[in-house]
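Please read them with the structure open.

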Amino acid sequence: LWEIDCSWEGFSWIANDDTSGSTIAFRRIDSKGKELIAVCRFIPNSAEEYRIGVPREGKYKVVFSSDAAEYGGSDTGSRGVMISETVAYHGFDQSVVLRLGPLSVLFLEYVGPSAPPRRPALKPRNNQDKEM
């Protein structure tokens with residue numbers, strides 16, 4: 001999180017206008033292009049289905065949740081891996097739905113495409129189709 005911290009190249013807002021939910025989301029990008037998405041909730045109630053836009057299609061893993069029981073949280077926030085949906089949100093073509101604990105911060109990391117690319121099916125050869 002410390003790299004490129006004095007430049008807009010290392011930071012990008014996802015959402016900074018949720019005044020009723022007191023929640024912000026932003027991207028932090030390092031010098032190699034690797035990024036983390038931070039989602040910060042500043043009110044003492046949880047959000048069951050909180051959608052944010054994400055920059056790429058694929059899987060996003062929760063790498064830190066301040067709401068985890070081990071940190072004294074309510075342990076109600078998202079865990080594991082979320083798969084993006086083709087639902088445009090916050091200016092992105094893809095989005096994910098999260099559970100946010102009260103007064104919490106989630107860090108998400110992009111971990112890759114949701115499914116391996118599909119190969120086109122090979123057409124079987126049928127010698128009987130040839131004219132004699």
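What share of the 132 residues of the protein counts as buried? The figure is 35%, where buried means under 20% relative accessible area, exposed means over 50%, and partly exposed lies in between (1.4 Å probe, protein chains only).

1. Basis. This is a predicted model: local features need pLDDT of at least 70, side-chain atom pairs count only at pLDDT 80 or more, and totals for chains, interfaces and linings use all residues. Residues are numbered from 1 along each chain as its sequence is written, and side-chain values use heavy atoms, with hydrogens and water left out.

2. Overall layout. The protein has eight strands and zero helices. Along the sequence the pattern reads β-β-β-β-β-β-β-β. Both kinds of element are DSSP runs numbered from the N terminus: helices are H or I with at least four residues, strands are E with at least two. Of the contacts between residues at least 6 apart in sequence, 58% join residues at least 24 apart. Contact means heavy atoms within 4.5 Å.

3. Surface. The accessible surface comes to about 9,000 Å². Carbon and sulfur atoms account for 52% of that surface. Areas come from the Shrake-Rupley method with a 1.4 Å probe; for residues, only the protein chains shown count as cover.

4. Core. The largest nonpolar core holds 18 residues. Such a core is a set of buried Ala, Val, Leu, Ile, Met, Phe, Trp, Tyr and Cys residues joined through side-chain atoms within 4.5 Å. Ile 37, Val 39, Ile 52 and Leu 98 have the most contacts inside this core. The elements giving it two or more residues are β1 (11-18), β3 (35-41), β4 (47-54), β5 (59-65), β7 (94-100) and β8 (105-112). β4 gives the largest share, four residues.

5. Val 39. Which residues does Val 39 contact, leaving aside neighbours within four places in sequence? They are Thr 23, Ile 24, Ala 25, Ile 52, Leu 98, Leu 100, Ser 104, Val 105 and Leu 106.

6. Ser 78. This residue sits in the loop between β5 and β6. Ser 78 counts as buried because its relative accessibility is 4%. A polar atom of its side chain lies 2.7 Å from the backbone nitrogen of Arg 99. Not counting residues up to four places away, Ser 78 touches Val 62, Ser 65, Leu 98, Arg 99 and Leu 106.

7. Ala 68. Ala 68 lies in the loop between β5 and β6 (81-83). Its relative accessibility is 14%, so Ala 68 counts as buried. Ala 68 and Leu 106 are 38 residues apart in sequence and 9.8 Å apart in space, C-alpha to C-alpha. Beyond four places in sequence, Ala 68 touches Gly 73 and Asp 75.

8. Positive phi. Please check two residues. Asp 75, in the loop between β5 and β6, has phi near 60 degrees, a positive value in a residue other than glycine. Asp 75 is partly exposed, at 30% relative accessible area. Ser 22, in the loop between β1 and β2 (23-29), has phi near 45 degrees, also positive in a residue other than glycine. Ser 22 is partly exposed, at 25% relative accessibility.

9. Nonpolar patch. Val 81, Ile 83 and Val 111 form a nonpolar surface patch with about 250 Å² of accessible area together. Val 81 lies in strand β6. Val 81 counts as partly exposed because its relative accessibility is 46%. Patches are made of residues with over 30% relative accessible area and no salt bridge; like charges are joined within 9 Å, nonpolar side chains (Val, Leu, Ile, Met, Phe, Trp, Tyr) within 5 Å. A salt bridge is a side-chain nitrogen of Lys or Arg within 4 Å of a carboxyl oxygen of Asp or Glu.

Key: Polar contact = N/O pair within 3.5 Å; in protein donor to acceptor, adjacent residues only side chain to side chain.
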